[in-house]
Amino acid sequence: MSNTLSKLWLTLVAIFLLVSLQKVNSSHRFLREYFTYFFKKKIRVAGPFYYKGIYHLFYQYNPYGSVWGNIVWGHSVSTDLINWYALDPAIYPSKPFDIYGCWSGSATVLPDGMPVILYTGIVDNFKTQVQNIAFPANLSDPLLREWDKPDYNPVISSDPSISATQFRDPTTAWLHPDNKHWSIAIGGTREVGQRGVAILYRSKDFVNWTKAKHPLHSSKGTGMWECPDFFPVAVGGREGRDTSATGRGVKHVLKVSLDRTRFEYYTLGTYYPALDRYLPDQALVDGSDGLRYDYGNFYASKTFFDPAKRRRVLTGWANESDTIADDVSKGWSGVILVPRELWLDENGRQLLQWPVEEFDRLRSKHVSLANQVVNPGGFFRVNNIDAVQADVEVTFEISSLEKAEDFDPSYVGDAQAYCARHAADVKGGVGPFGLYVLADPALEERTAVFFKVFKHKRKHVVLFCHDPTRSTKRENIYKPTFAGFVDVDIDSSKTISLRSLIDHSVVESFGAGGKICITSRVYPSLAIGRDAHLFVFNNGAVDVKVSELNAWEIRTPFMNKEI
Ligand SMILES: *[C@@H]1O[C@H](CO)[C@@H](O)[C@H](O)[C@H]1NC(C)=O
Ligand SMILES: *[C@@H]1O[C@H](CO)[C@@H](O)[C@H](O)[C@H]1NC(C)=O
Ligand SMILES: *[C@H]1O[C@@H](CO)[C@H](O)[C@@H](O)[C@@H]1NC(C)=O
């Protein structure tokens, strides 16, 4: 009898799965006609990981349109983090515990090699967020195409102390040094004081999770913490550490995506396993005046430890800055940015980032120049390169700091506003100098990527800035300046380096060897295709020398090729 019953039950499940799969498939086929750009239509990163030679990337994805809604886990795979192949969605609403949406989460590779996903399910007519678990349905499939969501889900529900609508995005789990239990953090907020919280849960078996008495960390007045990410970085050196590494050789990073500002912030600090608490270093600000991975358009990022190359890799998402009507007409919105390697600066005060080395394999035609002086008000074009898809590395040498303008200390915490005041066209003392990217030959459209140096308390501060205010003749485009201060000793070095990755509507810049990163989305109407050029400019009052400039055209990788 029980045998018959279970057979019946199995059949029903099979039919149900089949129906829902077909539904997803047909809409996905429709979508694929639009897949030509890098990761188009992928909204936010969820749970990247490496498994048996393959990198897996998941992303929040709407199979039915290019605006937010109907969110599933899109799934792509790669062997080099650069060429990506699209698979069918891995996790999509099909069960009572995720019927209104499958939101962000993380993957953990267990010590026996088995990857497990924890993700946020939306239930109760969008009023409640719960946490679910999913396992690969077939471990013999190297692409891990199908995921099984056991019926005992949700594994974590909110309780009266947690707002049910602000309870999402579980982190990758870390194993306690006692080897006996796992911990994860989930983003949340408390009504009182609008305190952002990384709520801590523990489990011995990965399935039965218990809320810890204290959160991993919290900070008042910061609002909802989305997509928390918590991981160790090595003290000294660039090598990555497994998410469960603890002890003297590491510092920990806690990153949160602040829903309130729509930017991400991180602190460096110490993790105390015995207490399961994280304490940021005293000098670091916890909240929207704090450090950022990227001072531009970069949100909902995730890192993972890549055991193959022993590095920590960061993947972020940039939304569109044009209109929703544009998203609808082009049929996609949002891009996943070039993955970055991330490690601790030897000064211990911040993280450094650099595009993963595999990106360099896309470099093709190369131009270079050296020792070219740019006079005050001067500029020149870098010839013989199609710069609509390019990688540029340049080192600037400042002839003298004497003419640096005085820094206005009221802008200490607000580089972005300072950059708006000291934009690329405003003549300065030392700088603005840098690149015009995605510029048409007449410079009617151009996105400025530049440095400017100010005098401050007998030392100097360096501002790094993206100014897209003249990036397009089109109207109604969101074109904020983005900026940050760079922690470099310009007084002794007198030089500063810049790398910019340019890709049609995306500009990702890495200043001072990855001490500062800015991403912008821009939409030129003239500086497109072969009319997109690269210039060097100097609007300061002293000479600046380009000691070296190397630029490469970039080949187009497989950007979600169908397999
Ligand atoms: C599991 O994956 C392997 C390799 O792709 C495949 O040959 C096999 O048929 C799959 N098993 C099931 C039950 O789908
Ligand atoms: C879940 O874990 C808690 C704490 O370890 C334990 O008290 C409880 O019995 C467990 N429940 C089940 C169903 O295993
Ligand atoms: C990206 O779009 C712009 C313009 O609409 C918004 O101002 C930003 O808040 C948004 N960024 C994120 C991370 O959602």
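These are my notebook entries on a predicted model of one protein chain, entry by entry.

**Entry 1: the two domains**

I looked up how the chain is divided, and found domain 1 at 17-355 and domain 2 at 365-554. Their centres, taken over C-alpha atoms, lie 32 Å apart. To the contact, domain 1 brings 29 residues and domain 2 brings 25 residues.

Next I looked up the area buried between domain 1 and domain 2. The value is about 2,300 Å², and carbon and sulfur atoms give 52% of this area. I noted that the accessible area lost when parts come together is often used to state the size of an interface.

Which residues of domain 1 lose the most area to domain 2? I found Tyr-295, Ser-321 and Trp-354, which together make up 28% of what the domain 1 side buries.

**Entry 2: polar links across the interface**

I looked for charged pairs between domain 1 and domain 2 and found five salt bridges. I also found 15 residue pairs in polar contact across this interface, both residues being at pLDDT 80 or more. On the side of domain 1 that touches domain 2, strand S23 (residues 351-355) gives the most, with five residues. I sorted the residues of that side by kind: 13 are nonpolar, eight are polar and eight are charged.

I then picked the salt bridge between Lys-515 and Asp-345, where the closest N and O atoms are 2.7 Å apart. Lys-515 sits in the loop between strand S33 (506-511) and strand S34 (516-521), and Asp-345 in the loop between S22 and S23, so the pair ties together parts that are 170 residues apart in sequence. Is Asp-345 buried or exposed? Asp-345 has a relative accessible area of 6%, so I wrote it down as buried.

**Entry 3: Trp-354**

I went back to Trp-354, one of the residues of domain 1 that lose the most area to domain 2. Trp-354 lies in strand S23.

**Entry 4: salt bridges elsewhere**

I looked up the total for the structure, which is 38 salt bridges. In one of them, the side chains of Asp-294 and Arg-340 meet at 2.9 Å, N to O. Asp-294 is in the loop between strand S18 (277-280) and strand S19 (299-306) and Arg-340 is in strand S22 (residues 340-344), so this pair ties together parts 46 residues apart in sequence. Both Asp-294 and Arg-340 are buried.

I also found a network of salt bridges that links Asp-306, Lys-309, Arg-311, Glu-357 and Glu-358.

**Entry 5: around helix H2**

Lys-330 and Glu-320 form a salt bridge through their side chains, at 3.3 Å from N to O. Lys-330 is in helix H2 and Glu-320 is in the loop between strand S20 (311-318) and H2, so the pair ties together parts ten residues apart in sequence.

With a relative accessible area of 8%, Asp-327 is buried. Its side chain makes a polar contact with the side chain of Lys-330, at 3.3 Å. Beyond four places in sequence, Asp-327 touches residues including Ser-66, Glu-320 and Trp-332.

Where is Lys-255? I found it in strand S16 (residues 250-258). Lys-255 is buried, because its relative accessibility is 0% and the cut-off for buried is under 20%. Its side chain makes a polar contact with the side chain of Glu-264, at 2.7 Å. Among the residues that Lys-255 touches are Cys-227, Tyr-265 and Ser-301.

Cys-227 lies in strand S15 (residues 225-234). Its phi is near 40°, a positive value in a residue other than glycine. Cys-227 counts as buried, at 0% relative accessibility.

**Entry 6: other backbone details**

Gln-194 has a positive phi too, near 45°. Gln-194 is in the loop between strand S11 (182-190) and strand S12 (195-203), and counts as partly exposed at 29% relative accessibility.

One runs from Asn-153 to Pro-154, with omega near -5°, and Pro-154 is in the loop between strand S8 (147-148) and strand S9 (167-168). Another joins Gly-431 and Pro-432, with omega about 10°, and Pro-432 is in strand S28 (residues 430-439).

Methods
Residues are numbered from 1 along each chain as its sequence is written. Chains are lettered from A and ligands numbered from 1 in the order in which they are written. This is a predicted model: local features need pLDDT of at least 70, side-chain atom pairs count only at pLDDT 80 or more; totals for chains, interfaces and linings use all residues. Side-chain values use heavy atoms; hydrogens and water are left out. Domain bounds come from an automatic or database domain assignment. Contact means heavy atoms within 4.5 Å. Buried area is the accessible area (1.4 Å probe) that two parts lose on being put together, summed over both. A salt bridge is a side-chain nitrogen of Lys or Arg within 4 Å of a carboxyl oxygen of Asp or Glu. A polar contact is a pair of N or O atoms within 3.5 Å; within protein, one must be able to donate a hydrogen and the other to accept it, and residues adjacent in sequence count only if both atoms are side-chain atoms. Helices (H or I, at least four residues) and strands (E, at least two) are DSSP runs, numbered from the N terminus. Ala, Val, Leu, Ile, Met, Phe, Trp, Tyr, Cys and Pro count as nonpolar, Asp, Glu, Lys and Arg as charged, and the others, Gly among them, as polar. Buried means under 20% relative accessible area, exposed over 50%, partly exposed in between (1.4 Å probe, protein chains only).
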